[in-house]
Amino acid sequence: MVSRPRGRITAVLGPTNTGKTHLAIERMLGHASGIIGFPLRLLARENYDRALKAKGRGQVALVTGEEKIVPPGARYFFCTVESMPVDRPVDFLAIDEIQLAADPERGHVFTDRLLNARGLEETMFLGAATIARLIRALVPEAEHVSRPRLSTLSYAGPRKVTRLPPRSAAVAFSAAGVYELAEVLRRQRGGTAVVLGALSPRTRNAQGGMFEAGEVDYLVATDAIGMGLNLSLDHVAFTKLVKFDGRHPRRLSPPEVAQIAGRAGRHMSNGTFGTTVELGPMEPELVEAVESHRFDPITGLYWRNSELDFRSATQLQRSLDRRPPDPCLLRVREPDDQRALAALLHDPQIRERAGNPGALRLLWEVCQIPDFRKILSDQHARLLGQVFCHLRDGEGRLPDDWVARQIARIDRDDGDIDTLVARIAHVRTWTYISHRADWLEAGAEWQERTRALEDKLSDALHARLTQRFVDRRAANLVRRLAEGGELIGALRSNGEVVVEGEFVGRLAGFRFELDPEVAGEDAKPLLAAARRILAGAVPARLRDLEASPDGVFSLARDGQVLWQGAAIARLAPGPEVLKPAIQPLASDFLDGPERERLRRRLDTWLQALLRRKLAPLYRLREAGPTGAARGVAFQLAEALGCLPRSAFGGQLEGLDKAERKALADLGVRLGMTGVYLADLLRSRTAPLRGLLWCVHAGRPAPELPPAKARSFAVRDGLDPRLCQAMGFRRLGRDGGRVAVRADALERLAREARKLSRQGPFAATPALCGIVDLGEAELGAVLAELGYREQSDDQGSRFEPRKGKSGTKGKAAAKRRRSKTPAHSPFAKLRDLGLAK
């Protein structure tokens, strides 16, 4: 240990929010000169800015690894602990958060300052009371001053994230956890600021500034919130009490919980802390410790020898591994710089270049370059190796063109949040290098360039975070609600509903569709405001609908009735297939009588629509032919205009000439394969008839074929009765893999019979075109019609199956029906449909 200058040494210890830092800065500015070391660059910068106002720019300096502002006459230095110019004699010296000497990663630096750094007149150590015993042991001459907390910190129990009070911080311990919480708060509360340890100070300040300005009422952070940001928080909620410390997951210690919880309630304002419902309540012992600020004392401080031996690489490593001189001190776990040194010394070329004390000292200085990306990979070691080799080969200077190339690679502000975070971490490494003025020819120029790039990337990152996690519209509405005022809104002509000037939803028909971005508890007052607006607007809207011409209504393929493009009702099963019921869609703004008015208007429109679209069917229903024709007409109308011949049994043979003519006059075609309304099948209303059948059967409408289709492939599960309602017949093997429209099937049957009289015939394009099928599908249909396929040198041909004695005319077929061979095409035509 080095000899210590004489002077007063004070340990000012206590919990967060006790004014320790404020006291130290006041004491320092009362001396002629001073240095104060902070655990974070952010804290150093924050207090430097305050001192500028008190002492002026010429007297105050800022010294961190990435930033050095040192006027020639500077007397007061605000530094990070690692960057303190401890060789500079000053009257006052202070170390903030001295309990970090127990931190496994950085503790050895704080311990070194505790043991060796002194002011000529006064030295002050600031921190938690848990380190008091070790300060007494290691610095027995120190006076101890206890500082009580200025406000009360109390436990508030578990709460849902969505029910956290305004001015709350939710704490997670991973970037993924922070993003997940932030998404929830954006949806439920309008947005949140985000603080991660990986953010640059500029981005962290911008996010904190957004919270302080009241643009958002919530903050989501990692444990980085425990230091570096003094915000007006009222409540801190823990989502987990376990963190990954770089080696393994571990439970937070009570002092760590207190450090984070202590962010709530600053100055004289009381604060609360708690957990989320998902985590559950804290243990009573932990709550008691945090509320009373009583914790187990620290038992050891991390230490590393600062008197290094640069005579050889082996001697340097041995001096770094030297055992602590006191039982209170613990040998530090291998820090990043020591690991980097070991990695570089494994390279024979670097070890050779570091063969003398000066070169070895330079290598150790290069190993101090921090890895802000925290990846500890070969990539960082490779960068350090390149820096060292350039310095050794370039007479202690880095080549400007090489530095320019490295920085140019990261001079981009595109990409997502994680990409920008990685680039900022990379540029911070170069900012650190640029502040080694002796390594660069134009150090000031590179400092300015890297600082500008870091600011550019930080601003882009702040914009990405705000874009992703802040909904300014919802935040404004939530803030207006918090003020207790009545929300004012309006209904625009295009159906948009606005509250306090912000779009919150749309009136679609008579249903209010809340904007998906508005949800949770905050949706209730918005809905209330919307209801007040719409309560007066909906009656007028209903009157407009009643007066609207039929042309503004339409029927969707799924059975919904649309008005001006918005769904207002749907079809429901009625007493008959052609008389579906109208069921208005649920609406909070229509009472019983208004719903009935809507139903009546739509029923009038629907009946007119069906009469116009299905005119042949209505003529058949209402013409009322007599005799046997009456029964045929009734059956056909009930089946929506199409049935196989087999469905009528012997009725068709019993029709006389006048009855056949009466049916023909109504558009009924008595075909070889079926009975159908020809005009109806050509009217392209198949989807409408299919929808009517589905509604009457109480089934959802499947995807139906196009209106002009003459055939379509049958999907599994398609009901044959639905095919029939649309005027199609299922044909082919395995229960019918293709459906053919009845009039096209009739035309095909007649054309095939005509061709078969001349002998075997081929599946010509003309035949295929009748039913819009390929040759393979046409073959299956012809097989159903009683034809068999045979192949010869000329290709595939079709002919009637054997035993076709009944093919000389319909009259002869009737006379010999009982003798018609089972495989005759006419027997097939007669029976077609019975099994479909």
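Buried means under 20% relative accessible area and exposed over 50%, with partly exposed in between (1.4 Å probe, protein chains only). The model is predicted: local features need pLDDT of at least 70, side-chain atom pairs count only at pLDDT 80 or more, and totals for chains, interfaces and linings use all residues. Residues are numbered from 1 along each chain as its sequence is written, and side-chain values use heavy atoms, without hydrogens and water.

**Exercise 1.** Determine which residues of helix α1 (residues 20-29) are buried, and where they lie around the axis.

Solution.
Step 1. Lys20, Ala24, Ile25, Met28 and Leu29 are buried in α1; helices are DSSP runs (H or I, at least four residues) and strands likewise (E, at least two), numbered from the N terminus.
Step 2. These residues lie on the same side of α1, because they cover an arc of only 160 degrees around the axis, taken from the directions from the helix axis to the C-beta atoms.
Step 3. On the other side of α1, His22 and Glu26 are exposed.
Step 4. The partners of the buried residues include β1 (8-13), α2 (41-55) and β7 (122-127), where contact means heavy atoms within 4.5 Å.

**Exercise 2.** Describe how strand β20 (residues 496-499) is covered and paired.

Solution.
Step 1. Glu496 and Val498 on one side, and Val497 and Val499 on the other, are all buried.
Step 2. Strand β19 (residues 489-491) runs antiparallel to β20, joined by three bridges; pairing requires at least two DSSP bridges between two strands.
Step 3. β20 also pairs with strand β21 (residues 502-508), antiparallel over four bridges.
Step 4. Val497 stands opposite Leu491 in β19 and opposite Gly505 in β21.
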